[in-house]
Every structure is written in C-alpha cells, then in structure tokens.
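User: I'm new to this structure and would like to learn how to read it. Could you take me through it feature by feature?

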Amino acid sequence: MVDFLLAAAGFVLLMVALGLVRILRGPGDADRMMAAQLLGTGGIAVLLMLGAATGVAAMVDVALTLALLAAFSSIAYVRAADAALPHEGGAERDP
Amino acid sequence: MTGVLFNVALAVLVLGLAVWTIIAREAFAAVVGFIAYGLLLTLVWVQLQGIDVALTEAAIGGGLTGVLLIGAAARLRGIEAAPGAERPRNSLYWMAGAVSAAVTAVLVICVLALPDPAPTLAHEVALNIVDTGVANPITAVLLAFRPMDTLLEAIVLVFALIGVWSLAPDDSWGGRPGPVQQSDPNGILAYAARILPPLGIVIGIYIFWTGADYPGGKFQGATILAAMWLLLMMAGLSEAPPISRGWLRVGLVAGPLVFIAIGFIGVLTAGDFFGYPQGLAKPLIVAIELALMPSLTLVLGLLMVGAPQRVAKL
Amino acid sequence: MNAATLFGLCAAALAGLGLFGLIVNPHPLRKILAFNVFGTAVFLLIGAIARRGAAAGMGGDPVPQALLITGIVVAFSATAIAVALLLRLFDVTGRVSLAEDATADVQAPPGEA
Amino acid sequence: MSHVLDLLTVVAVAAGGFFFFAGTVGLLRFPDVLTRLHALTKADNLGLGLVVLGLLLQVDSVLAGLKLACVWLLVLVSAGSVSQLIACRARRSAQGR
Amino acid sequence: MPLVAPHAMTTPGGLLLVLLVLLPFLGVLVGFVLGAGNARRVALVTLVPGLGIAIASAAAQWQSGAELVYLLGGWPTPLGVALRADGLSVVMLVAVAAVIGAIGIYARADFTSPQGAPEARKPFTFWLLLLAVWGSLNLVFVSGDLFTLYVALELLTFAGVPLVCLDGRGETLRAALRYLLFALLGSMLYLLGAALLYGAYGTLDIALLAAAVRPGPVAWTVLALMTGGLLAKTALFPLHIWLPPAHAGAPAAASAILSALVIKGSWFLVVRLWFDVMPGVVTLSAAQLLGALGAAAIVFGSVAALRQQRLKLLVAYSTMAQIGYLFLMFPLAFDVGVNALAHGAALDGGLLQAVSHATAKASMFMAAGLIYAALGHDRIADLAGVGRAMPVTVLAFALAGIALMGVLPSGAYLAKKLMLDAADDTGQWWWTLVLEGGAVFTAGYVVLVLVSVLRRRPGALPLQRTVARSAEYAALALAVSSFLLALAALGPVPGDFVSNPLAFGELATTLLVVLGGTVLALGLARRPIPGDASTAAGANVSPLRRMAEVAGSGIERADLRIRGWAVASTSLLLLSGLFGGLLFYGASP
C-alpha cells in the first residue's frame, strides 16, 4: 500500500508538472494561472497521499493550508487585472 | 527506491521552475513560475521532515508572497518593456554567469564537505523539552530556547509595516490603505468570500492551537487568518481600516508588548528574562502565542494591502 | 543519495541561479523574484542541514527548522517592503527603472534641491 | 475486510490519478482558454475528489476523515470560484482587445 | 581579549544588555500606539535612560574587566541564546547612544507635528525609525548569536530604508529600492554563511564557534561569503552602490543616522567575524585585501568628494572615504607570530576611528543640513558669508573636519597614532603612507568647504529661515566630543602616546597635512576656487591643473560605472571569491 501511494503521488506530481508547460507556453496570463492552479490541486493530492503513505498526520494540515491559500494568487490576479482595466471601474488611482 | 525517484523528480522540477523564474521574458510569467515553485517547495519541506516549515511555506510561499507579487506584476503589466539603462552588456552577462556558477560550485563542495555524522542540537532539545511543557520541539525552540528571535521576528514585521506605511503620500497619511475595492456583492468572488472565511478561521485557529504539541503555531495560523481577511477585502466585503485608528495601533503592537512583559515577569519569577517558572512554562508559552496571534494577523494583512493611498477623511 | 544531500545540492544550484537573476535582470520586480529564489536556496540549505541533524527520534534538528520559520517571515517582510517601494516608485515616476537618472546625483544642476 | 478496503482505495486513487492525467492533457492540448479551464476543473474536482475518497477508506479517526473531506470541500469552493473568475476575465479581455 | 568559557553564566549587569536592546524597541511600540506628536516625545524621553543604561553597562564591563553575559531564559548555549558585551561592544553602545541623542536634539525642531493637528507622516516615521535604528544597533553590538545577528541586520535595513525615502520624491524612492535590494543580497549572503557554520559545527554561538572553527573549505567559504555580504551593507568601495544616491535626497538627520550609525552595524559584524569568530582562519593576504579596499575607498571617495558641487554630497562621498579608513586596521592587526588576527593596538585604533567618525560625520551632516535649511541650497560655490551668518554651525563643521583629519587631540589622531605604530611594528610601511594620505585628502575637502564658507560677502546673506539654536549646538556638541575624544580615551592608552601638540614634529605634520590638502583641493575641485588665479584666467590653464582635471573626471566616471547594479553585484561576488581564494592559498603551507 505504501509503495502504491508513493507511486501514485509520483504519478500525479509528474502529471501536474507536465501541465507546467502551460506556464512556459502561455499564451495568455489566464493559461499560466491555470497551470499554477492545477499544480496547487495536484500538490494537495500529493501531500495527502504522502501523508497516508508515511503516516505523518500533520501533512493533512499542510494540505489544508494549501487548499485555503493556493487559490489566492489566482484571485489576486483577477482582481489586479480587473483594476488595471480602466473601463471596469476598478481601483481609482489617486492623482 | 520510489522515495528517491520522487525526490529526484521534485528536485528537477524545482530547479526547472527556478530557471524559468529567472529567464522568462515577461515578469508576469516569471511570477507565475515562482508561485508554482513555492508550491513545490512545500513538498520539498515535507520530504525533508520539516512539517512546520512546510506549513509556513504553504502559507507564505503558496499564499501571501504569491499574492503580493502577482498583484505587482499585474499592475506593472506592459511597463516591463522599458529596459532601463542597467541591462548588462554581454561581457558582464558572462561574467555574472561565471561568478554565479562559481558560487554554486563552492556550495556544492561545502555541502559535500559537511561533517558526518552531522552535529545536531536535537539531543539537547529532547533533554530539555520536558521543562517547557510543550511537545512540539519547534515551538519549544521558538518560545523557550530562543524566544529572542521570535520576539524580534514580530518586531521585524512591525518595522516592515512602518516602512510600508511611510511610503504613503503626505495627504493620505492616516487614511485607509490600498485601492478602493469595488465589487459585485452577488458576484462569485463575494460568494467565495462568504464561504471560505468561516472555514478558514476555524482552520487557522486549529493550526495555531495544535502548534504547542504538533506542527503548527501562531505564525502559520495568523497567516491563514490574515489571508481570510485579505479575501474579504479583495471581495469588497470589508475595508481596510484607516491606519490612524487607535484600536488598530493597539492591536498591532499588543502581541510584542505582551511578549516583552512576560519576558520581564520571568526576571521576577524565574530569575531570567524570558525564563518561565517551574510548571508555568506551557501556560505562559500559550499566552504569548495567543497574544501574538491577533497582532500577527493584523500586521500580515496590512503588509499585503500596502500604504495608504487615499486622502484621509477627517 | 539521501534527501538531505540531494536537496542540499539543489540549494547550491538554486543559489547560483538566484544570484545570476539578481545581477542581470534589469526589472526591479525580477530582482525581487530572484532575491526570493536566492533566499529559498539559503533556506533549503538550512533545511538540508536540519535533516542531516535528525536524531533523538526527531526527523530533523529542530533548531535550524525553527530558524527557518523566522527566516521565511523576515524574507516575506523584505518582499513586502520591496514591492511597496516599487509600486510607489512607479506611481511617482511612471517608470520602474533602477538606473540612476543620467548621473543626476553626480552633477546636480545648480538650483535643484 | 481490510483487503477489500485496500482494493477500493487503489481503484479510487488510480482513478483520481487518471483524472489528473486527463486534466493535464486537456490543459496542454485544448485549443482555447475556456476549454482548457474545463479540463482543469475535472482534475480539480474529480481527480482530487477520488484521491480523497480513496484515502478516506484508510483513515482511523473521525478528525482525520473530517480534515480530508474539508480539504476537498475547500478546493471545490475556491477552485470553483477561481475558475469562474478566470473565465469571466478571459471573456472580458477577449472583448476588450 | 580573552574569550569566555563556552558555558559562561549570566554575569552581574547582564540584564542591562537586555534593557539596552528592548528599551528602544519598547519606545517604537509605544510611540506607534500613541502616534501623532507623541512619537517625538516618546523618542526623546527614551533617549535619556537609554544613554544612562549604556553608560552603566560600560561601567559594569570596565569594572569587572570581563565580558558581560546574559543567557536569555537561563538556557546555556548552544541551545539558548546569549547576549554578550566586551570592551568593543560597550564603547560602541555608548558612542551610538550619544550620537542618537544628539541627532534627536537636532531633529527636534525639524520633525514636529503640532498639538491638535492630525498626525503627520514624516515626524511619525522619523522618530520611530530613530529608535528602531538604535535598538537594532544595540542588538548588533550585544548579540552573541549569528542568527540573532542576522535578524538584527535585517531590522537595521528595514529601519534604514524608509529613512532614505522619507522625502518621497522619485529619486529617493529609487535610491531606497537600490539600497534595500543590495542590502538584502548582503544579508542573505551572511545568512548563507551562518547556515554553513551551523551545518559544520552545530552551533551559532560566537564564543563556541570561536573555539571550534578550523580552517577548511567550509570556514573559507563562510568567511568569504559573510565578509562580502557585510561589506555590501557597509558600502565599502567598490560596493558603495547605494551610498551617494541615498544621501543625495535624504533629510540631513536621516543622512546622519545612515552614515554615522547604520553602516557601523555591518562594519562591527565584520570586526566580530574576523577578530572573534574566525581569527585563525584569516590570512595575512586576505587582511591585506581588506585594507587595500579601504585604501581604494579613501582615494575614490576623497577625489569624488572634492569634485562635488553640493555640500551634502561632498559629505556623503567623504563618508565613503572614511569607511575605507575603518578597514585599514585589519592588515595591521595581523599577528604573524600566531598567524591570526589579534586584539591589540590596531583594533583599538580602528574602534576609536569608528567612534570619532560616528560623531564627526553625524555633526558634519547636521551642519550641512542646517546650512541647506538656512540658505535653501547647499551649493558649495555660493556659500560665501555663511561663516558670519551661522558661526556655530560653521564652527561645528570645522571642528568635525579637523577632528577627522587626525589633528591632536581628536580621537582620529589617537586612532591614527595607534595604527601608525602598529604599521611600524609589523613593518608594513605602505599603510603608513595610506594613513597619512587619507589625512591629507580629508584636509582637502575640509579646506575646500571652509574656504567657501569663510569668504566674505558683500551685503548680508539672505537667509530663508533661521535654524533652531538647539540644532546648532547639537552639531557642535558632537563635533567637540569628536575633537576631544583623545582626552577621554587616555585612560586605556599609555600616556606617552599623546605627544605635546605644540612640539615641532606634531606641528609640522599638521601643517603638512593641511598644506597637502589645500593643494589637492586646488587641483581637483571642479569649480574654480575663489582666488585661484590660474583658472579664473581661463585660457592659460596650467598643465598640472589639466592633468588633475582629467584624473578627477576619470575617477568620477569610473565611480558611476562601478555603481551600476550589475557591475556592483558582480564585483561583490568576485570580491567574495577573491577573499575565499586568499584564505585558501594563505592557509596552505
């Protein structure tokens, strides 16, 4: 079981790592953010499997933290990108 | 065997993302690469048996630092084309490459030259941890054996906040930090900002509470709470308070002040600054963490928001 | 090769990369990024050293691990100040270059404060 | 009994792995942002969901199981909203340009 | 100086060290809450007990004759963290407290927020940062742990950066960002070294490391990396990338803090590392390199200073030269007999130099700031009449300048004397030349300024505003203390060191220094010096003058090139490599 979980963790890591090619290729910012998002989810899955394989319960806490925060940069990206478009009525820059 | 392969794959990925972060043409693409790099580092910490560090990295590297940098990259979009006069000439480029490679080479030698068996303080910690009453050795180091570093860390954050605030335009001093956030109260972001924070607050407090005996602690917990606050602000559901508010100022420094006060109580009761009287170590440590937590949450949240930018309304 | 050595060597490579980026990238945001890469390299080295010190039933030497947490916080504060400074610089000047303005500080034209 | 559970775990985790694989392939091969997003959400929701399901069969305490479920729930909410946000953003920037 | 036994106990008076560090930090926290005009009051109130505690700790250290030690939480090293103060520390503690006090008095009038008015940004930030710098420096001086020192270094950086851009203009923001990034690079290199030390020796305690460190790949790398990083933070030539632009736009009080105090933190750490942590790893050639960088800094900084047209920048570049002076002691303190750096006369001299520089340079920046405030500009060419309008300020500048030249009875005189003797003893005559040359350069720019301010001016000088009396006297007090430092330092030094100031030899030396300086000033200054007929005539410029002009502008251009980001950071790493190489080759038999 341990070996299977480790192997599965490695497989998922490899898969999401392949997805990172999107960061390299783009073409848009959204594509890059999506690749990071996929890596976040994959990383959570890997952590959970590692935790189950090694019996370190606290790894689930790390996964919890990641699950809460991994999506944050995407949100920040959308907010900042919206604010950068003037017609969206986003942030007002002071003169 | 699987473990080794996994580690090698992880190391290669980390290196690849670092290369991308350094050489990517656009700043934005580089920042996204860095965020992915931070996520993978969390896994590396786990593999290095540093769960506490992994928690910190997940909260900081995967969360706050990424948000800071993405925000900056998105605001500076298109500005990056301006090369500035400091693009190094070719010869310098090679030179820089050579010295950086030399640093790597020297560090490789050093890593391989480190003594075996490695010196460690783990035995000393194991011997003395009983006196502290906590079971998590990291917490024991941070709050009993080396509390000065932890106090200084809290003070570093306050200094950083003073530094960030000092960048405000003169007429905005005392006002609310950050740009005006306008958003659709029925939008998807507002929806997420209503669902996530209650869960996040529970998890943040859990991570803090478990820290005395298991991996976790005030800093990781505070980061999660700060992130939830930030989410509310980004969704427009809550506004950053004006920086001149009295409660805010008190809240920001209350943690370090309590920490120092408990340190001085130690002089009276245990004979040493930062000393804990017999049997009271754990309650005092928890008290310090409890006091630091809100201050750290406020400081981290406000560091993310930035300097006051709007004219203060009196 | 054990994990500590592997990631120790990885840290050495990352350090070189971070330094290189810090030197050659003209964009300040990229410098901040490179500083963070260099910083994580140093942290990773400390992590590897902590792992080498595993003993007494602990998976790693807790002292360097505790130092790491402090170090990560300090590096984050540094990044926060740097980003705030950069954005303010952009707001004020409309540019983000770190290059000194045409030797302004060497030959300040008379009359300029 | 435990063999059956183990087998189920293997099946669920393997299926989860497959969805991560599918998500990655989709992210790489699909032609535009919205379809790629579609692939991504498959990995987010199903891939992680199946992995969590598989691991749930192995936990020995209620708290641990609760935490696992919580991880999945969090990812569902945050990834779901982020996907929507990215989609809106992509559509808007497509119109804007 | 004897090293403490590894398992030292807390000594009487050790708690003073805790107070020294925490009092300013407490001031920051309390001032932060009280805000508005109270930040200033809190800062000024903190200054008095702070100075008192510094003096008390110095007294305790001198009385016991040994290090003051405080084990935090009662935990012995290596598990715990110790605060330690030896002779070096207490001297710096007292000096810094005094300079901070003077800067506080000086800035009292500049950074006020009137009662009732809403809190203003500049005063709030300034007063908190003044305390922040002070606490961080105290921590640098007393911390006995390399990681705590790392945090202290970062605290110092975070406190220093906002001071650079207090003014908020674009160029100051740019200077602040450059400073921040370069300083961060430096402290990360330092942390890298500390990490390797822990990996090799399992402790970060300075006393324990001193007993354990042996020459070897790790030790060489560590010393090279840490030295490089710290030199970057100290702004030693050629790593002064941030120094001149930072001073160009900072308020005078902030400049005084940055130049007199902040750089002393990382300088002090270099001293700690080389003398106390790894004296046996240091080789003579590495020490010579450090000294050579100092010599280069003196030449570059002084020539650049002479060519400045603004008083503030002249003082800034002279800081660069003075930083060089602080590193001359390293080769002189090398004991060939034991093949290690040794505490002794040369180190005492260097320490004295640091103290006199801290006091004198702060005073000079204050004087320059006062002149700027009064006139609305600080163009050196247009300073005629200032001597009459602001006699106290000019006296402060003159005294500080003369003190820096090393004229009796200034601290710099004694420092120079101690180092000259060390040079004689160790047979390194070339450092004698550098030491005397440095004095001549200093005389050059002091004369240059004094000549312009003392010139008469037809009619009254139009003053934009009158400056605060207290500010003028604060500057003067610092200058006087720098000028009289030798008398205060007489205690620990044998009496025959100080010769009769009116003896022929002394007078002749002083005269020669001033003369040499005048010649340099005539030759190198960019603007025609009033009364210098050769340039006034225009057409018939003497070839000598033309040569000086070429050399001067050449150095100026080189300086600009060196301060480019990529060049500076590459040279930082190159220098580290060079140090590493010298440590390695020097160690092999």
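User: How much accessible surface does chain E have, and what percentage of it belongs to carbon and sulfur atoms?

Analyst: Some ground rules to begin with. This is a predicted model, where local features need pLDDT of at least 70 and side-chain atom pairs count only at pLDDT 80 or more, while totals for chains, interfaces and linings use all residues. Residues are numbered from 1 along each chain as its sequence is written, chains are lettered from A and ligands numbered from 1 in the order in which they are written, and side-chain values use heavy atoms, with hydrogens and water left out. Accessible areas come from the Shrake-Rupley method with a 1.4 Å probe, and for residues only the protein chains shown count as cover. For chain E the total is about 17400 Å², and 69% of that belongs to carbon and sulfur atoms.

User: What is the overall build of chain E, in helices and strands?

Analyst: Helices (H or I, at least four residues) and strands (E, at least two) are DSSP runs, numbered from the N terminus. Chain E has 24 helices and four strands. Its C-alpha trace spans about 70 × 65 × 50 Å along the principal axes. For 589 residues a compact globule would come out near 25 Å, and chain E, at 23 Å, agrees with that.

User: What share of chain E counts as buried?

Analyst: Buried means under 20% relative accessible area, exposed over 50%, and partly exposed in between (1.4 Å probe, protein chains only). In chain E, 67% of the 589 residues count as buried.

User: How do I read a pair of packed helices, and at what angle do helix 3 and helix 10 of chain E cross?

Analyst: Two packed helices are described by the angle between their axes and the distance between the axes. Axes are lines fitted to C-alpha atoms, for helices over the stretch in contact, and angles run from 0 to 180 degrees between N-to-C directions. Helix 3 (residues 87-107) and helix 10 (residues 252-277) of chain E have axes that come within 10 Å and cross at roughly 175°. Angles under 35 degrees count as roughly parallel, over 145 as roughly antiparallel, 65 to 115 as roughly perpendicular and the rest as oblique. So helix 3 and helix 10 of chain E are roughly antiparallel to each other.

User: Which residues meet there?

Analyst: From helix 3 of chain E, the residues include Leu88(E), Met92(E) and Ile103(E); on the helix 10 side, Trp267(E), Val271(E) and Asp276(E) are among them. The contact divides into 16 nonpolar residues, one polar and three charged. Here Ala, Val, Leu, Ile, Met, Phe, Trp, Tyr, Cys and Pro count as nonpolar, Asp, Glu, Lys and Arg as charged, and the others, Gly among them, as polar.

User: Where does Leu351(E) sit, and what is it in contact with?

Analyst: Leu351(E) belongs to helix 14 (residues 345-375) of chain E. With 9% relative accessibility, Leu351(E) counts as buried. Leaving aside neighbours within four places in sequence, Leu351(E) is in contact with Leu88(E), Val91(E), Met92(E) and Trp267(E). Leu351(E) and Val271(E) are 80 residues apart along the chain, with C-alpha atoms separated by 9.5 Å.

User: Which chains share the most contacts?

Analyst: Of the seven pairs of chains in contact, chains B and C share the most. Chain A and chain E do not touch, and their nearest C-alpha atoms are 15 Å apart.

Notes: Contact = heavy atoms within 4.5 Å. Rg over C-alpha atoms; globule rule 2.2 N^0.38 Å.
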